[in-house]
Amino acid sequence: MAQRWRSWSWLSKQVLEIVLKGVSYSYPDSGASPVYALSSLTLEVKAGDFLCILGPNGSGKSTLGRLFNALLLPTEGSVQVDGMDTRNAAFLWKIRTRVGMVFQNPDNQIVGTIVEEDIAFGLENLGIPPNEIRARVDWAMEKVGISNYAKHPPNLLSGGQKQRVAIAGVLAMKPSYIVLDEPTSLLDPKGREEALRTIQELHKEGITLILITHRMEEAMSASRLLVLEKGKLAFLGTPAQLVEELPAGGCQAAGGWNDELRRHAHLDLPPAIRLAQLLREGGIPLPPFLPRPEDLVRTLCALKRSA
Amino acid sequence: MRIEAERLTYIYGPGLPWEKRALDDLSLRIEEGEFVGLVGETGSGKSTLVQLLNGILRPTSGRVLLDGVDLTDRRKPVWKARLQVGLVFQFPESQLFAETVAEDIAFGPRNLGLDRQEVSKRVEESLLKVGLEPALFRQRSPFTLSGGEKRLVAIAGILAMCPRVLIVDEVTAGLDPRGKRDILTRIKLLHRNERTTVIMVSHDMDEIASLVERVVVLKGGRICRQGQTTEVFSDEESLAGCGIRLPTIPQILSSLGRAGWRLPVSIFDVQEAARLIAQECHRGAV
Ligand SMILES: Nc1ncnc2c1ncn2[C@@H]1O[C@H](COP(=O)(O)OP(=O)(O)OP(=O)(O)O)[C@@H](O)[C@H]1O
Ligand SMILES: Nc1ncnc2c1ncn2[C@@H]1O[C@H](COP(=O)(O)OP(=O)(O)O)[C@@H](O)[C@H]1O
Ligand SMILES: [Mg+2]
Ligand SMILES: [Mg+2]
């Protein structure tokens, strides 16, 4: 326990929080695209949050992700990471080590010829002493469950394994926040599950997560959801709140909605949640929010037993 | 267009230390106008197979016949047959190359020898088909698009060729739910209205179950299972043996079944499943 506390201790050094105030962003050469990829967004991401960002293609999710770690700087407004303004160049490297990034395609972020080299890469660039690097690499590999592959060339690994290598590379920098931009969209179900389990583990350990995804199934385990629509905030709340607001018929059946909800029309509830809604409407007393298919099965069986 | 794969074997890097037999003596026949789902775990050979079917890769041994024309025949010009098989690659966005979106989409139709007017007509049409507003996207550089927008442009480039066979490899990965639905509807219409033969590779069993008539499951470069969709998705155990999971709704039905509920497994429709489960509940007087 003491060991475990020590290994994650960098997290508790101070109050942690990313604060966005009135942030807008427009790309320098945006051609005919909307002037603002992101407009007047105000948001706080607190330590321990698991924030999931949803929204249609082109709605500004990746843009927002890149603003969190100063890959992009706001055109208007400000982004502060633990009190450090991202526009202040003096903080750049500090911010980049606090806010790690994992992208969609693991192939684009893996550089080493063997797994442990790849994970060490970022640390070497930070000028960390070799024995400390060794310790961190071993620790990060263990955390994501790839220690057995330490000497493997990354290109021989499956997609899910590669994505875990990428996560380990970020983890070794001991970040407070990790931004994951569609980390599972190129993986098969098995790889997706591996990567998701790893991601959820990290959150339990205290890393603040920002997950960008199109998969509602993944969003259901977040603590908060943010929905973007054309660069603007369309919804911010818990998964349970969102599910409550979306009707079971799915988004096509938008009949009696108010305009506010109509804006979420690009969201599709996962099949298991739609099924639960239909059953509830049919008079079966199910609780309002059952995030995973297993939860539905368990509840149904309990109901039947108690009948 | 009918496709026949005869005893296909494909080996990556033959003779090298990392030599890999990606397809192993695989035979498959797909009739004109069929809609087939191709599934299997990562590395099972799906992408390799579809590249052989469109002639981009040549088999190590075996043949591919398109309406009887042998794609592997080096003596005959087969490009005409090949052009009728439109393959949307896995990660097609990595192949965008032109300076503008319109140029990129025009590349294929121009190669078909179509005149300027027809080419630009097809560019407009296919942008609309994938749900991108031509006025907003025509002149943009592909490199400044969002991930999903790039994907749509790549798909538009294939649709602009009006292929007789459409093969899509993980085409909805990275698309938002609406974009996904739009693309799938578009593919369904091509299949229904123009009798385009469609082969769809996907990891999303819900998607496969809702669309295709026949499912082919690959494992280790061989066909592990194939048959009507309802049939293939009714047997959880044998599918698991091929490294594949049931679609969500059958999975729930199957779990309930194991807990003693009397329910069929291969139901894909949520409303139908809800009706059956409710029935069982009321019978147990919940
Ligand atoms: N480098 C760039 N130059 C100009 N415009 C850009 C650039 N990158 C993105 N855009 C535009 O900014 C908007 C937001 O893009 P962004 O990549 O943030 O979307 P996204 O929500 O991540 O979409 P997706 O789900 O497709 O990944 C889009 O209109 C996009 O076309
Ligand atoms: N360009 C390549 N060079 C070497 N091996 C490859 C190449 N492409 C695929 N393979 C290997 O061939 C097998 C089948 O791959 P692939 O057809 O991509 O499978 P799938 O699309 O079902 O994931 C895998 O073992 C993969 O690693
Ligand atoms: Mg994006
Ligand atoms: Mg593939």
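The shell around ligand 1, taken as residues with a heavy atom within 4 Å of the ligand, divides into 3 nonpolar, 12 polar and 5 charged residues, where Asp, Glu, Lys and Arg count as charged, Ala, Val, Leu, Ile, Met, Phe, Trp, Tyr, Cys and Pro as nonpolar, and the others, Gly among them, as polar. The model is predicted, with local features requiring pLDDT of at least 70 and side-chain atom pairs counted only at pLDDT 80 or more, whereas totals for chains, interfaces and linings use all residues. Residues are numbered from 1 along each chain as its sequence is written, chains are lettered from A and ligands numbered from 1 in the order in which they are written, and side-chain values use heavy atoms, with hydrogens and water left out.

Of the 20 residues that surround ligand 1, the closest are K61(A), S62(A), T63(A), S146(B) and G148(B); because residues of chains A and B surround the ligand, the site is shared between chains. Polar contacts (pairs of N or O atoms within 3.5 Å) include one between a polar side-chain atom of S62(A) and an oxygen atom of ligand 1, at 2.7 Å, and one between a backbone N or O atom of G60(A) and a ligand oxygen atom, at 3.0 Å. On chain B, a backbone N or O atom of T144(B) lies 3.3 Å from a nitrogen atom of ligand 1. Taken alone, ligand 1 exposes 640 Å², of which the protein buries 91%, the areas being Shrake-Rupley values with a 1.4 Å probe. The elements that give two or more residues to the shell are α2 (61-68) of chain A and α6 (147-159) of chain B.

Key: A polar contact is a pair of N or O atoms within 3.5 Å; within protein, one must be able to donate a hydrogen and the other to accept it, and residues adjacent in sequence count only if both atoms are side-chain atoms. Helices (H or I, at least four residues) and strands (E, at least two) are DSSP runs, numbered from the N terminus.
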